[in-house]
Amino acid sequence: MKKQFKIPLTIFIVVLLNLLFKGLFINQHPNSIALDEIHYLQTINIHIPFGNYFFRIFNLVISTLISLTSFFLVYRQSKHYLLGLLFAIELIFTPWVFIITRFFNWYLLILLLVIIVLFIVPNRFLRFSSIGLLLLTVGQALIELKIENLQYINTKLVQLFAILDFNHLFFLGDTSSRFANIPLTGFFMYFELTLLIIGFYSILTRADKKIRSLLFELTLIALVSFFLQKKDSLHIFLGLFWFYLISLIVAIGITKFLEKNINRRFLVSVVFGFILVNIGFYQELFYSHFDKNNSFEWGYAENSAISYYRTNRYQNILLSEESGKLKQYLDYFRFTDNQVVSAEKMKGRCQYPSLCIVREQELPRLNLTKDQVKRIFRHFDGLPMYFVINNLR
Amino acid sequence: MKKIKVDRYFLLLIIIFVIGTFLRLYKLGSIPPGPEWDEASVGYNAFSIAQTGHDEWGNRFPLIFPAFGDYKNPLYIYLTAAFVRFFGLNIVTTRIVNGLAGSLMILTFFLIGKLIGGRKIGIVTSLFIALSPFGLFFSRMAGDGIMLSCFLISNSILAFILFIKKRQSRWLYFFSFSLFLSMFSYNLARIIAPLICVAGFILLIKQNKDKLIIMLMPMLIGLLGLVIITTQFKVGVSSRLKYLSILAQEKGVVLEVNSLRHQDKNTLISKILHNKIVLTGLILSRNYLSHFSTDFLVNFKDYGIVSESHYPPLLLIQLPFFYLGLVYLVKRGKKLGPERKIYILLIILLLIAPLPSAITEGAPSGKRSLANHGLTELITALGFFQSINMLKNKAAIAVISVIYAIGVLSFFRFFFIIYPAHYGYIYAQREAVVGQQIQKNYREADYFILSRKIDGVPYIFPLFYLQYPPKKFIETKRYRLIDDWFYVDRFDKFLFYDEINLDVFRQNMLIGKKLVVFADGEEKQKIQNLLETNIPISEKTRQNLPLYSHQKTELYMFRFIYEKAI
């Protein structure tokens, strides 16, 4: 293929695959908004209307740019077109990128900025200075400079090795929150383990100097970024740069595998068949089970309650003291006619157009049983969360 | 005068061996505290064999020991019997076989390291083994012949290497015989040893077709072991697997499958994607891989479980060397020549070692994956030398050595100070107090009453601490067999109950007798109430302070004459 067509065609393919794969049903899956997302949106003072999740397109664009800039970065460093392309494709299909693209956060933006710095700043000292500065500046919101003692470093190291463990990488994923955890799926797909081993082996035995140098820089960035983040951050954020680094090693593994076995068509077809099955497997788990299994974290009951409130045109809402999570949702979506009162004080006030919501543990205080409530908002798995009470005297 | 030239590597090895042996045998009876119930059982069965040639159930020189119903392997017990015969029954004689096996492994792996990479590699490997956390932990426990089986497997590897290098058929016999013995020392070897045996012969058969008859003999030894084990399978391994195997724990898998299918409304695709085979396969793969993972290698601490390590197998600084060593091992395994087979066998051992742990619940387990103890250290040493060759920087080597020394010292602090002080409760410290009180009161008391709330198998502690004559135990014991588990209800002066309640004191045989009752915190209250209200007693000893207390586990003892039935 002529060189002048090769790069535009690559850009086209990478962008298209990104949009198709990561952007599929982005407005419907996950089918609600998570409290963590609300917190991120509030931090940057963005308000969205209820029921509209198109703000996630922001992440899709950033994620696509990450894939694209990574192609250019690796292609320029290694002069190896296939490696660059496979790395860009790896950053489309691998689960950690997929899941972090599907909810709003600014971590992907930081990753993109770091890749851009790595790409455009030629001098290593300048590169590190700007990346360090970037991490520290952005870090006012996410970084806690709290390296107090050796115990802290030890705790962080234990955490690092737990996150980079094969179990977490390939089978468990983000165990710090189900909010970013696809069932039975790790940060990477199962088949990527073999490619990681091949990639790791070939880096140690015969990778070219520039790629080794890039990997070294990424390792330092990953270490700094990991140690500067709070230890209770989500694992997917803590390990963001590590996952990026591992993805590059996986891409090297695929490249080496393809180069060595290009004539063994049957083997290559079997491997790619397996890859497709693996992608299908985790995609099925995402679209059919992710938001059902994790509906608590994704605020499914809260979204249902707000939807009911809006559809039935209630004018104000009385929330019990135990319904704090729902209040955060109402405040964010600017349904400001809400008031928190103790369950006992709801007596005599729960008539249309007022909607009264309590939690299960508060029902006995009102001499009510579950059968006597007007409506129950449940999570996807059937767990009752909020109870609408009516005509309470 | 002729100057005697001392080989400095030999001197270093002697120093490392002495340090390693000292670390394994120093305070062997008290770190960890004990004996816990498996150790007591091993010790008492060894005592019984040494005294009578029969085990505690009266079987003459058995090839598998029924013990509590968990069927213990014989080799460790027979070797222990020799020490018990000469030095008496105590915790040290019960543990010493594993202690010595762990020490001898330092020498075995020095030789393996030396043969594959030179004396420097041999020395560093032996140093890593001598100071290895897993090495120390498992050399000081006698619940089973864990370290003994590792020692025998490592001997078989050494013999294989020597056969490749020297072409003498005796090493082939040694290879098979070590594997044969290992199968009778710990259950993990029953999976590992046959696989190593088969792999070894497949690797050798191509270049030794002329020596087929010589090769067949050792193969037969291996086969004999397999035949014996197969006959024991019904009673021994299967009873363990029944409780431990992942396949036996299918309840969780079924629930998960059902939940996923329910969410999918039981479609055909769901049935294809979510079924027991797929999910069990995933769990098995996860378990298996976890043994090569960072979390296991440097974070693993199995607190609260007896016979497990409370420290990870590698120190933090060793981790990169381990992974680098793996690459080196694979690289060498790809080279041509007869020595290639050595590397292939090492890789095979490395790959199959986690299998016994991967197929059982609670993986990763240090104990069940211990077959690669020694090999892990060898690989780390190989990686260490690779790094030295790459770095060629003395300052960097010095820094690495200092960090390693700090890691070792920190481990020693944990192992010799924190661990015995904080984790004694899981090594039957409470039962040890019971044992000591039984020794003290044995002559005066008419009956000792113990409940299984204090310990699941309380009968073994009086046997161990009193060195109770095995023949007398066989004659006087009464027991029940429930779900392949032996429940001893009484022997001699000892009565055992699931819990101590009023029914216990309704027995006429207790009237007028001097009783010693042991109770936990919950039972103590019941007994105190009985003593104060229901039981007419002429003498009673109230123990308001526990004899032993740790967190919520307590031990109380009551001594009184029981005059009239309630």
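Leu184 of chain A counts as buried, because 23 C-beta neighbours lie inside 10 Å of it, and the cut-off for a buried residue is 20 or more. The model in which this residue sits is a predicted one. Leu184(A) is placed in the loop between helix H9 (166-172) and helix H10 (192-206) of chain A. Its phi is near 55 degrees, a positive value in a residue other than glycine.

Gln467(B) is not a glycine, yet its phi is positive, at about 50 degrees. The residue belongs to the loop between helix H22 (460-466) and helix H23 (470-476) of chain B. Is Gln467(B) buried or partly exposed? Gln467(B) counts as partly exposed, because it has 16 C-beta neighbours inside 10 Å, and this class covers counts between the limits of 12 and 20.

| Peptide bond | Form | Omega |
|---|---|---|
| Ile31(B) to Pro32(B) | cis | about -5 degrees |
| Gly34(B) to Pro35(B) | cis | near 5 degrees |

Pro32(B) is found in the loop between helix H1 (8-25) and helix H2 (37-52) of chain B. Pro35(B) also lies in the loop between H1 and H2 of chain B.

**The domains of chain A**

Chain A is split into domain 1, residues 3-293, and domain 2, residues 300-389. The distance between the C-alpha centres of domain 1 and domain 2 of chain A is 39 Å. Where the domains of chain A meet, nine residues of domain 1 are in contact with 12 residues of domain 2. On the side of domain 1 of chain A that touches domain 2 of chain A, helix H2 (35-43) and helix H14 (265-293) of chain A each supply at least two residues. Which element gives the most to this side of domain 1 of chain A? The answer is H2(A), with three residues. Sorted by class, the side of domain 1 of chain A that touches domain 2 of chain A has four nonpolar, three polar and two charged residues.

**The sheet of chain A**

Strands of a sheet pair through backbone hydrogen bonds, in either a parallel or an antiparallel way. Chain A has an open sheet of five strands in the order E2-E1-E3-E5-E4, and the pairing is mixed. Strand E2 (338-340) and strand E4 (375-378) of chain A are the edge strands, each pairing on one side only. From one strand to the next, the twist averages 25 degrees.

One pair within this sheet is strand E3 (residues 354-358) and strand E5 (residues 384-389) of chain A, which run in the antiparallel sense and share three bridges. In this pairing, Cys356(A) stands opposite Ile389(A) in E5(A). Helix H15 (residues 300-311) of chain A packs on the sheet and touches strand E1 (316-319), E3, E4 and E5 of chain A. The direction of H15 of chain A makes about 140 degrees with that of E4(A).

**Helix H13 of chain A**

Helix H13 of chain A covers residues 240-261, which is 22 residues. How many of the 22 residues of H13(A) are buried? The count is 16, so H13(A) is largely enclosed by the rest of the structure.

Methods. Residues numbered from 1 in each chain as written. Chains lettered and ligands numbered in written order. Predicted model: local features only at pLDDT ≥ 70, side-chain atom pairs only at ≥ 80, totals over all residues. Domains from an automatic or database assignment. Contact = placed C-beta atoms within 7 Å. Helix = DSSP H or I, 4+ residues; strand = E, 2+ residues; numbered from the N terminus. Nonpolar A, V, L, I, M, F, W, Y, C, P; charged D, E, K, R; others polar. Pairing = 2+ DSSP bridges. Axes fitted to C-alpha atoms, helices over the stretch in contact; angles between N-to-C directions. Expected span 1.5 Å × (residues − 1).
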